[in-house]
Amino acid sequence: MTPFEREGRCPQCRREYLITGMALHPGAETEGPTRFRCACGGWAAAFVPGSVNMERLVVTEKPGATG
């Protein structure tokens, strides 16, 4: 497993998030959108590799990145 990192943004409040996890071959496999709840109550999304265990994704707000 290889670590990967993706960025996501909430379209409602423009908060930015960093999404990290482990995948078999990040960058060399099909990626799909994964939605997660933003602090404002809206939905943000990021494209993550298909082999990711969704329950083990780590979503953190980027410091100072609120719009």
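Reply: Arg35 sits over the face of Trp43, 4.4 Å from the ring centre; the criterion is that NZ of Lys or CZ of Arg is within 6 Å of the ring centre and within 35 degrees of the ring normal. The model is predicted, with local features requiring pLDDT of at least 70 and side-chain atom pairs counting only at pLDDT 80 or more, while totals for chains, interfaces and linings use all residues. Residues are numbered from 1 along each chain as its sequence is written, and side-chain values use heavy atoms, leaving out hydrogens and water.

The structure also holds 1 aromatic pair. Tyr17 and Phe36 form this pair in an edge-to-face arrangement, 5.3 Å centre to centre and with 80° between the planes. Rings of Phe, Tyr and Trp (its six-membered ring) pair if their centres lie within 6.5 Å, and planes under 30 degrees apart are stacked, those over 60 edge-to-face and the rest tilted. Tyr17 belongs to strand β2 and Phe36 to strand β3, 19 residues apart, and the pair thus links distant parts of the chain. Strands are DSSP runs of E, at least two residues long, numbered from the N terminus. Tyr17 is buried at 5% relative accessibility, and Phe36 is buried at 12%. Buried means under 20% relative accessible area, exposed over 50% and partly exposed in between, with a 1.4 Å probe and protein chains only.

Ala46 lies in strand β4 (residues 43–49) and is buried at 4% relative accessibility. Beyond its neighbours within four places in sequence, Ala46 is in contact with residues including Arg6, Ile19 and Phe36, where contact means heavy atoms within 4.5 Å. The C-alpha atoms of Ala46 and Arg6 are 6.7 Å apart, although 40 residues separate the two along the chain.

Side chains of opposite charge can pair when their charged atoms come close. A search of the whole structure finds 5 salt bridges, each a side-chain nitrogen of Lys or Arg within 4 Å of a carboxyl oxygen of Asp or Glu. In one of them, the side chains of Arg6 and Glu31 meet at 2.5 Å, N to O. Arg6 lies in strand β1 (residues 2–9) and Glu31 in strand β3 (residues 31–37), so this pair ties together parts 25 residues apart in sequence. Glu31 is partly exposed, with a relative accessible area of 28%.

Glu7 is exposed at 54% relative accessible area, whereas Lys62 is partly exposed at 23%. The side chains of Glu16 and Lys62 also meet, at 3.8 Å, N to O. Glu16 is in strand β2 and Lys62 in the segment after β5, so the pair ties together parts 46 residues apart in sequence. Together with Arg9, the residues Glu7, Glu16 and Lys62 are linked in a network of salt bridges.

Definitions and conventions
Helices (H or I, at least four residues) and strands (E, at least two) are DSSP runs, numbered from the N terminus.
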